[in-house]
Amino acid sequence: MKYKLLSLNVGRPETYQTDKGELNSAYRKTPVKGPVHLTYTNFEGDEQADKKNHGGRDKAVCLYPAQHYRHWEDHYGQEFSFPSFGENLTVEGMDERDIRIGDIFQLGEAVLQVSEPRKPCYIIARTHGIDDFPARVVEKGFSGFYLRVLREGKVAPGDYMTLIESHPDGVTVNDVNEVRYHDRDNATEIRRVVAVEPLAGGLKQSLNKRLQK
């Protein structure tokens, strides 16, 4: 299976005004027109303002499915241009209900592996001036997800994400979202999720702590 990269986006931290005051973030990324080198930690020209909660090997790349834009435009009655969700990769056709933690994709010269769902935070609300945006993303399950880089290389808009290995455990991004937000006390399902070796270490640790309570 392959999915087209519609927009490749990078950005560095900046301070900008919102309806609730100043915000320092690299959320507002800019689409690029040509190839960009992807390293093990980020695209060249990309950076995170909050390195405690963003970035690192397990969150090197953020992807958001392009088709979700149409839902949010209908829901809020306004247009959202790429990359309104602060993503590096805007890709058509990928779905949290189908993509598995540990799935491996070729993209341009690079090879990437799905590591965890993206956790929507207050920045999406502040940037767009829509207070309930994070809650609606959680409710709908349209979170997007992070990938780690297994092989560095150049990536360009128009490249295809081609599935080269589907993880055998069969735990989808949506499965992780379910235990993270909605089915929080389902110990059996939590154990199934944390048993997936490629799941990002920080999230695995957090879910394991829940099991110990």
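## Close-ups of a predicted model

**Figure 1. The whole protein, for orientation.** Numbering runs from 1 along each chain as its sequence is written, and side-chain values use heavy atoms, with hydrogens and water left out. Along the principal axes, the C-alpha atoms fill a box of roughly 45 × 40 × 30 Å. Six helices and twelve strands make up the count (DSSP runs numbered from the N terminus: helices are H or I, at least four residues; strands are E, at least two). Of the 213 residues, 49% are buried (buried is under 20% relative accessible area, exposed over 50%, partly exposed in between, with a 1.4 Å probe and protein chains only).

**Figure 2. Helix H1 and its buried face.** H1 spans residues 68–76, and His 68, Tyr 69, Trp 72 and Tyr 76 are its buried residues. They fall within an arc of 100 degrees seen down the axis, so they line one face of H1 (the arc is that of the directions from the helix axis to the C-beta atoms). Their cover includes strand E6 (61–65), strand E7 (89–91) and helix H3 (133–140). Just past H1 sits Gly 77, with a positive phi of about 65 degrees.

**Figure 3. Helix H6, one side in and one side out.** Leu 203, Lys 204, Leu 207 and Arg 210 are buried in H6. Those residues cover an arc of only 120 degrees around the axis, which puts them on the same side of H6. The face turned away from that buried side carries exposed Gly 202, Gln 205 and Gln 212. Covering the buried residues are, among others, strand E9 (110–117), helix H4 (173–182) and helix H5 (187–194).

Figure 4. Cys 62 is buried, at 5% relative accessible area, whereas Cys 121 counts as partly exposed at 27% relative accessibility.

Key:
Predicted model: local features only at pLDDT ≥ 70, side-chain atom pairs only at ≥ 80, totals over all residues. Contact = heavy atoms within 4.5 Å.
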